[in-house]
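Here is my note on this model, as numbered points. Please read it with the coordinates open.

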Amino acid sequence: MQIHETENETDGSIDLMINMGPQHPSTHGVFRLVIWVDGERIIKSEPHIGYLHRGSEKICESEHYSQIVTLFDRMDYVGNLNSELAFCLATEKIMDVCVPERAEYIRVILCELNRVASHMLFYGVYGLDAGAMTPILYAFREREKIQNLFESVTGARMMHNYIRIGGVKENLPRDFQQRLHEVLEHLKRGIEECDALISKNEMFLARTKGVGAISGADAIDFGVTGPALRASGVVEDIRVTDPYSIYDRFDFNIPVGTYGDCWDRFYVRVEEMRESVKIIEQAARDLPEGDISAAVRRIVRPPKGEVFVRTESPRGDLAVFLVSDGTDTPYRVKVRAPSFANLQALEQMLQGAYLADAVLILGSIDLIMGEVDR
Amino acid sequence: MIGDIIGFIGGLAVTLKSTWREPVTAEYPESDKRLNLEERYMGFPALTWDGDVEEPYCTGCMVCIRECPTQCMTAEMKDNPLYPEESRRRKIVDTFEINLGRCIICGICVDVCSFDAIEMSHEHELSKYERNGNRVDLQSLISMGRSYQQKVGWEPKNPGKNRGTPQVEENSQSAINDAEVTDSRSGEPMEGDECPDL
Ligand code: SF4
Ligand code: SF4
């Protein structure tokens, strides 16, 4: 940390400017947060982003549609399949392709598994942010099972490139249902165990309850979406309010918090894991036989036009705006990244908080810098 | 007080027990404790070897090279000296290089190759001492491919079309040589890619 001192104009006391990051271990990536403190209280903060900027949106303009899926993998590198899905849905919408049933179910199963894996990572890392070492070990034990299942289906643990325009890459392996069942049984126990481990821990409650609260109205004004918005008591989940893919067929609840503080943001995600497991169980039960991909050319060339597609990624409203000029590369790809929008509310959350809570508040938004900077 | 002491002794006992336990973790290169790779695991791409005619499947048609999102490969083709007596391939790969340091293991090259000539091997450890050690040439790609083929008992997905042994029907022969001139950039559908609803 670098420290600078400036004189407070009103009362002549000295404000400290503290530079947190870009190499700070708890900023979850390369992210710099400049904080001004008066004693222990944060009076002003200023996030600096762009350290991981790779120009993905610009590169998209020179790649084929099928190659862009690999770029979306690398935007939200914890919820890869959800990212891939957003782009594929956008391309399918502009081309008016009808995706086979089986492919839709496979997508939902894998995306929800990915959501659980992502929230598990959040759970573990949030424990670390709060100073608890144990949760991450439990979280990784659960996440590892999901990653192994992914490896058996997609061939990769992180950068899958499995969801393709018009369907998915290849069929599920033969023993998938059985392995999925095992993973789910394991997960259900694991989620309860993780929940019991810290959610009601007195010290954890003392550190997170009432910290970094933001009201629902404020959150909406800042454009916060996903679990961070639902924690403030707003019922908004694109899977339900504006269903895409086949999410309207499943029966699940939207967990909502009350105060919008760190604990609510944490617990909404724990609850969401349970709901995701419910969705996966329903989808696995109904999984139909059939084609796994629509007949789409290898070089996709959508007609002229533009589409806007919203999906619910683990972090919130991941939307893709795609403009096609009728060639085999898009004219413009704009990604509305949930982490980027959620980050805007950070200043508000940090206002008046203790310096020691800054890391907790930052962690509770669950930022993925690859998605913020793109 | 008494409770504290008992707790302390209990803690010591746990430490003592784990002192003589077999470690759960393993040192990295210990080969017998590696995790098993899944059958579909995607490692670096490698070129397959046609054992029937003793030549690679790859014709050097450059389709994968144009489709690779990171442009990490180069290839050249030449006239096949074995054609037409021993092999059906009119053209054959002359040089092929993949910069594995740049490859993002996306599998697109495998999807676009019409000759079953490239596969995602299980190879994933390629630390090298030289700066350009990860630029692998045709020979090492083929040896990677051959060991992968042996390991998984690889069979071409489309044997009728892609086996190199000369056959009597002429149709398949023309198929193997025509595809190499199809330009992927032109966006023309390759064979079998015709889409009725577009
Ligand atoms: S597409 Fe297949 S045959 Fe053509 S150059 Fe690539 S590996 Fe060789
Ligand atoms: S796996 Fe992807 S990045 Fe690697 S060589 Fe093949 S197409 Fe290129």
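**Cavities, a pocket and helix packing**

1. A search of the whole structure finds four cavities of 30 Å³ or more. On a 1 Å grid over the protein atoms alone, a cavity is a set of points where a 1.4 Å probe fits but cannot get out. A volume is the space filled by probe spheres set on the points, with grid points joined across faces, edges and corners. This is a predicted model: local features need pLDDT of at least 70, side-chain atom pairs count only at pLDDT 80 or more, and totals for chains, interfaces and linings use all residues. Residues are numbered from 1 along each chain as its sequence is written, chains are lettered from A and ligands numbered from 1 in the order in which they are written, and side-chain values use heavy atoms, leaving out hydrogens and water.

2. The largest cavity has a volume of about 100 Å³. Its lining has 14 residues, and the closest to the centre are Cys58(B), Cys61(B), Cys64(B), Cys113(B) and Ala117(B). Lining residues have an atom within 4 Å of a point. Helix α2 (residues 63–67) of chain B gives the most, with three residues. Helices are DSSP runs (H or I, at least four residues), numbered from the N terminus. By class the lining has 12 nonpolar, two polar and no charged residues. Ala, Val, Leu, Ile, Met, Phe, Trp, Tyr, Cys and Pro count as nonpolar, Asp, Glu, Lys and Arg as charged, and the others, Gly among them, as polar.

3. The second largest cavity is about 60 Å³. Its lining includes Pro45(B), Cys68(B), Cys72(B), Cys103(B), Cys106(B) and Cys109(B). The classes here are 10 nonpolar, one polar and no charged.

4. Now the second largest pocket, with a volume of about 480 Å³. A pocket is an open set with protein on both sides within 12 Å along at least five of seven lines. This one is lined by 18 residues; Arg34(B), Leu35(B), Leu37(B), His122(B) and His124(B) lie nearest its centre. Two elements give two or more residues each: α5 of chain A and α4 (138–152) of chain B. α4(B) gives the most, with four. The lining has six nonpolar, six polar and six charged residues.

5. In chain A, helix α4 (residues 101–129) packs on helix α5 (residues 134–154) at about 155°, axes 8 Å apart. Axes are lines fitted to C-alpha atoms, for helices over the stretch in contact, and angles run from 0 to 180 degrees between N-to-C directions. The pair is therefore roughly antiparallel (over 145 degrees). Contact means heavy atoms within 4.5 Å. Among the residues in contact are Leu113(A) and Met120(A) of α4(A), with Phe140(A) and Phe150(A) of α5(A). The contact has 17 nonpolar, three polar and two charged residues.

6. Helix α3 (residues 80–95) of chain A and α4(A) cross at roughly 140°, their axes coming within 8 Å. The contact holds six nonpolar, three polar and three charged residues.

7. α5(A) also packs on helix α6 (residues 176–199) of chain A, at about 165° with axes 10 Å apart. α5(A) is therefore roughly antiparallel to α6(A). By class, that contact has 12 nonpolar, five polar and five charged residues.

Key: Angles under 35 degrees count as roughly parallel, over 145 as roughly antiparallel, 65 to 115 as roughly perpendicular and the rest as oblique.
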